[in-house]
Amino acid sequence: MKVSDILRVKGNTLYTATPDEPLAQAVAVMSEKDIGSLVVMEHGDLVGMLTFREVIQALQKNGGSVGTMLVRSSMDDAPLTCTLETDMDEVRRMMLNQHARYMPVMDKRMLMGVISFYDVAKAVVDSQNFENKLLKAYIRDWPEQNQSV
């Protein structure tokens, strides 16, 4: 299974921020859309990732308020990325090793989507459920298939 398989099922809705927008505005979007991350784009390029982790760290640094902070001051400016062709096992390994909950999906310099650790886990469970159904159907039909043996 590849990242493209997850995006095909998930859809392609993307939420972005710019590095120079107020952090409070980005937090409001995350809250309103009930999402855990925003991709930070500048002049069409991926320049960072803002997740609830960075927001919490900014709140702690600033005495519980985002005040006039900008996204730039809180974002991860070197986010982990993958491509549409990255294998799911590799994505799982990367996300686990880096403690990443969200990963932008790139096609060269173009942002194609974002996958979350939840998306990866759901894809694995769905795949296992499908394999289990196939095995159960095979086992159920096995005596009929082998009666002539």
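**Figure 1. Order of the elements along the chain.** From the N terminus on, the elements of this predicted chain follow one another as α-β-α-β-β-α-β-α-β-β-α, which amounts to five helices and six strands, where helices (H or I, at least four residues) and strands (E, at least two) are DSSP runs numbered from the N terminus. The model is predicted, so that local features need pLDDT of at least 70 and side-chain atom pairs count only at pLDDT 80 or more, while totals for chains, interfaces and linings use all residues. Residues are numbered from 1 along each chain as its sequence is written, and side-chain values use heavy atoms, with hydrogens and water left out.

Figure 2. Of the 149 residues in the chain, 33% are buried, that is, under 20% relative accessible area with a 1.4 Å probe and protein chains only. Among the contacts (heavy atoms within 4.5 Å) with a separation of 6 or more, 55% are between residues 24 or more positions apart.

Figure 3. Strand 2 (residues 37-42) runs antiparallel to strand 3, and the two pair over six bridges. Within this pairing, Val 39 stands opposite Met 49 of strand 3, and Val 40 stands opposite Gly 48 of strand 3. Two residues lie between the strands of the hairpin, and His 43, in the turn, has a positive phi of about 55°.

**Figure 4. The crossing of helix 2 and helix 3.** The axes of helix 2 (residues 23-33) and helix 3 (residues 52-61) come within 11 Å and cross at roughly 135°, the axes being lines fitted to C-alpha atoms over the stretch in contact, and the angles running from 0 to 180 degrees between N-to-C directions. Leu 23, Val 27 and Met 30 of helix 2 meet Phe 52, Val 55 and Ala 58 of helix 3.

Definitions and conventions
Buried means under 20% relative accessible area, exposed over 50%, partly exposed in between (1.4 Å probe, protein chains only). Two strands pair if DSSP finds at least two bridges between them.
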